[in-house]
Structures are given as C-alpha cells and as structure tokens.
Amino acid sequence: MPRKHLVASQTNKKQQTQAKLWQKLAREIKAAVKVGGTNVDANPRLKAAVDKALQNNLSRDSIDRNINGSIKDANELSTKEFECYGPNGLQIVVSALTDNVNRTISNLNGYLAKLHGQIAKPNSVKIFFDNVGYIVLYKTSGLTADKVLELTLEYNIIDVVEQEDAIEVKTTPLDFYKVKEVLLQNGCKVFDSEIKLIPQSPIDTLNEDSKSRIERFIESCEQDDDIQWVVTNYEGE
C-alpha cells in the first residue's frame with residue numbers, strides 16, 4: 001500500500017532518531033574508507049555514505065573528519081548481514097557494522113525472540129528482495145511521473161510512482177547516480193536517495209500482535225549501535 005504522505009512520514013522518522021542515525025552514518029563512512037580509500041569519486045560505498053549523511057544533515061566538517069581521520073576504529077569493524085524470518089510471512093534483512101560479532105548476534109537473537117522470528121540460512125531470504133536505486137523527489141509544481149520519465153528516457157528506470165507529496169523513482173543500481181544527476185540538473189529537488197533492498201512481494205496487512213512485534217523489532221534494531229539498517233517486506237503504515 002503506497003504511503004500518500006511519503007515525505008512527511010520519512011521526515012518524522014529522521015527527526016525521531018537523528019543522533020543515533022548520525023552515529024551510524026559516521027561509522028559507515030569510516031568503514032567505507034577502510035574498504036576503498038578516501039577518494040569519494042573512486043569509492044562507490046563512500047560516495048553513497050556521504051550522500052546519505054548529507055541528506056540527513058550531518059555537517060560537512062563531521063563528514064570530512066570521518067573521511068580523513070584515523071581509521072583505527074574502522075579496522076576493528078566488520079560488516080555482517082543477517083537474513084531472518086518472522087511470523088506471518090515476514091522477511092527481514094539486517095546489516096551490521098560491529099567490533100564484536102557474538103554480541104551482535106546475541107542482541108539480534110533477543111530481538112527476534114520477541115518477534116517470534118529466527119535467523120535463516122544465507123541467501124534464503126535476500127533472494128526475495130531486489131537491489132535498486134531509490135530516489136524520492138519533492139512533488140513541486142509541474143513535476144509529474146510522466147515528466148520524470150521524459151527526463152530519464154535513456155536510463156534504466158524500473159518504476160516511477162506519484163504520491164501526494166512526493167514522486168518515488170526506482171532505477172537499476174548502475175544508473176542510480178546518472179538518473180539522480182539528470183534530475184538535479186533539471187531542477188528536481190531530491191528529498192532522499194540511496195541504493196537499497198526492495199521486497200519483491202511486500203505485505204501491507206498484519207494482525208495487531210504481529211504488527212506491534214515487527215514495529216518493536218525495527219525500533220530495537222534502530223537503537224542498536226551495531227546495526228546499520230534493517231529492511232523487511234512489511235510496508236504497512
């Protein structure tokens with residue numbers, strides 16, 4: 001079920017978890033530098049991390065400090081991805097940056113126990129998600145889904161969905177930055193953009209107990225210092 005007021009919904013979420021989000025964005029920048037170096041243009045992971053940090057109002061000074069500072073902390077971090085099942089057809093992917101994998105797994109198992117879920121085998125859940133470029137545009141005067149398609153004809157656009165206050169654009173990861181640049185050059189205002197996992201078969205209805213449990217699970221993951229992000233196939237309000 002598409003959310004009509006997409007911008008308002010995402011803005012509220014960002015405001016509620018801003019300090020924790022900044023901390024996680026800083027860790028991702030450090031980890032990206034460790035993997036691919038400090039050159040943003042030559043390091044796709046770092047470019048994505050910096051873009052997301054700027055979108056979430058992390059200062060340029062803070063970004064530069066994390067890029068150019070010591071990577072001692074980053075050397076102690078490892079990236080781990082966990083695929084999980086929940087009740088009522090819930091599919092979950094959790095990504096962590098951690099210096100203690102056992103702690104992270106223990107915490108995640110605790111959150112899953114309350115959800116009545118469990119960690120699954122690798123590639124048993126992620127195959128039900130697509131990796132796509134995701135761009136949310138403010139719906140300014142004159143901007144429609146048809147206009148977006150017109151501007152991006154030469155690129156691989158997966159879908160364009162028009163909401164009340166925003167336009168969602170999905171691209172292939174390869175064309176993500178090209179599409180974003182074209183939209184910016186034509187005066188479009190980007191609210192949010194990233195390469196992310198999108199569920200192939202989203203569910204938008206759960207019974208009240210399952211809905212409450214998945215909401216608490218996501219909140220617990222967002223508050224966990226080790227967990228960078230969590231995606232599920234639940235797209236209810």
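1. A crossing is left-handed if the near helix is turned anticlockwise from the far one by less than a right angle, and right-handed if clockwise. The crossing of H2 and H3 in this model is left-handed.

2. A friendly word on the basis: this is a predicted model, where local features need pLDDT of at least 70, side-chain atom pairs count only at pLDDT 80 or more, and totals for chains, interfaces and linings use all residues. Residues are numbered from 1 along each chain as its sequence is written, and side-chain values use heavy atoms, with hydrogens and water left out.

3. Helix H2 (residues 18-36) and helix H3 (residues 44-55) have axes that come within 8 Å and cross at roughly 160 degrees. That makes H2 roughly antiparallel to H3 (angles over 145 degrees count as such).

4. In the contact (heavy atoms within 4.5 Å), H2 brings Leu-25, Glu-28, Ile-29, Ala-31, Ala-32, Val-33 and Val-35, while H3 brings Arg-45, Leu-46, Ala-49, Lys-52 and Ala-53. The residues of this contact divide into 9 nonpolar, no polar and 3 charged.

5. Now to the strands. Strand S6 (residues 166-171) is largely enclosed by the rest of the structure, because 5 of its 6 residues are buried (under 20% relative accessible area, 1.4 Å probe, protein chains only).

6. S6 pairs (at least two DSSP bridges between strands) with strand S5 (residues 157-162) in the antiparallel sense over 5 bridges. Val-160 stands opposite Val-169 there, and 3 residues lie between S5 and S6 in their hairpin.

7. Strand S4 (residues 129-138) also runs antiparallel to S6, joined by 6 bridges. Here Tyr-138 stands opposite Ala-166.

Technical notes: Axes fitted to C-alpha atoms, helices over the stretch in contact; angles between N-to-C directions. Helix = DSSP H or I, 4+ residues; strand = E, 2+ residues; numbered from the N terminus. Parallel < 35°, antiparallel > 145°, perpendicular 65-115°, else oblique. Nonpolar A, V, L, I, M, F, W, Y, C, P; charged D, E, K, R; others polar. Buried < 20%, exposed > 50% of the residue type's maximum accessible area, 1.4 Å probe, protein only.
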